[in-house]
Amino acid sequence: MTNAIEIKDLRVSFVSDKKKVEVVSGVSLSVPQGKIVGVVGESGCGKTVTALSVMRLIPNPPGSIDSGKIIFDGGDLLSYSDRDMRAVRGNRISMIFQEPISSLNPVFTVGNQIGEALKTHTKLSNSEIKDRVIELLNLVGIPAPERRMNNYPHEMSGGMSQRVMIAMALSCHPEVLIADEPTTALDVTIQAGILELIEDLRVKMGMAVLLITHDLGIIAEVADEVYVMYAGKVVEHADTRDLFASPKHPYTVGLLNSIPDLRESKEELNAIPGVVPSPGSYPTGCRFLDRCPMVIDRCRAQEPPLSDVGVRHYSACFRAHEVKLEG
């Protein structure tokens, strides 16, 4: 299957306290046309930095994309001039950011902000832009779009604001949509509506979607395949069904075990002990070794490569074939 976008060996660093530390270490992933690909992991694993790299939005300084390629439509986005990248960003590749309230400009109406992308990337007249904005607001399920387009962000709920962000991202019919935690801080009913909307629009528009989240429940619901990231690296990659049925990395098992089971009345939730190590203080060998229940001496001496452990299933663990999901 043809990839809409492909990241190859991406490395990104930031300068902190005059010290350069790598936060994304050789990440490779691809998003096939018309598919939803999930990227999952705890906060601090490098998910958002990877997404911002695709959009060329890493602030420099203090950040820098040190090496790698991001292949889109036969070209490498990392070699594009700023002018060429502006023609792609928000037009052919769009992104939904984590916090809709902080991402929207409080002094402009939502209609004005959606229309701005259309003014930048199309030759539509003002009346055509207005009609398109109303069409987009209707598409994302906002009632009375003719009236709502004149609202300011503070006049809309969190769920409505997120829908506005989606409308803005979809305004120019992008070929790739990056959704970074699109349902954060939304209640479960609104969350379900947003996920259903993204799935419906993916089908209608044939978009490729890169869905970034820490919630495996969301991944299970909508993603076709999933990459698990830990401490700046991909540690497992598989089709979603295979990953949930037979994970091949202890970190993935920990994430799956931490999902609450409503059939059980446990007082405490299962959790992975410890925390994600900070960039610049990654352990020698496997970056998960300090939290791993399966660690052996080899894990402390060598960093396990991402290797083939099944049909379209890859894991960065020396004991991948021994990993089992309890229950």
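Ile166 touches Ile96, Val140, Ile194, Leu197, Ile198 and Leu201, leaving aside residues up to four places away in sequence. Contact here means heavy atoms within 4.5 Å. The model is predicted: local features need pLDDT of at least 70, side-chain atom pairs count only at pLDDT 80 or more, and totals for chains, interfaces and linings use all residues. Residues are numbered from 1 along each chain as its sequence is written, and side-chain values use heavy atoms, without hydrogens and water.

Ile166 is among the residues with the most contacts inside the largest nonpolar core, which has 98 residues. Ile5, Leu77, Ile93, Ile178 and Tyr251 are also in that group. Such a core is a set of buried Ala, Val, Leu, Ile, Met, Phe, Trp, Tyr and Cys residues joined through side-chain atoms within 4.5 Å. Buried means under 20% relative accessible area (1.4 Å probe, protein chains only).

Three aromatic pairs are found in the whole structure. Rings of Phe, Tyr and Trp (its six-membered ring) pair if their centres lie within 6.5 Å; planes under 30 degrees apart count as stacked, over 60 as edge-to-face and the rest as tilted. Tyr230 and Tyr251 form a tilted pair, with centres 4.6 Å apart and planes at 55 degrees. Both Tyr230 and Tyr251 are buried. Tyr230 also pairs edge-to-face with Phe288, at 5.1 Å centre to centre and 85 degrees between the planes. Phe288 is buried, at a relative accessible area of 2%.

How values were computed: Buried < 20%, exposed > 50% of the residue type's maximum accessible area, 1.4 Å probe, protein only.
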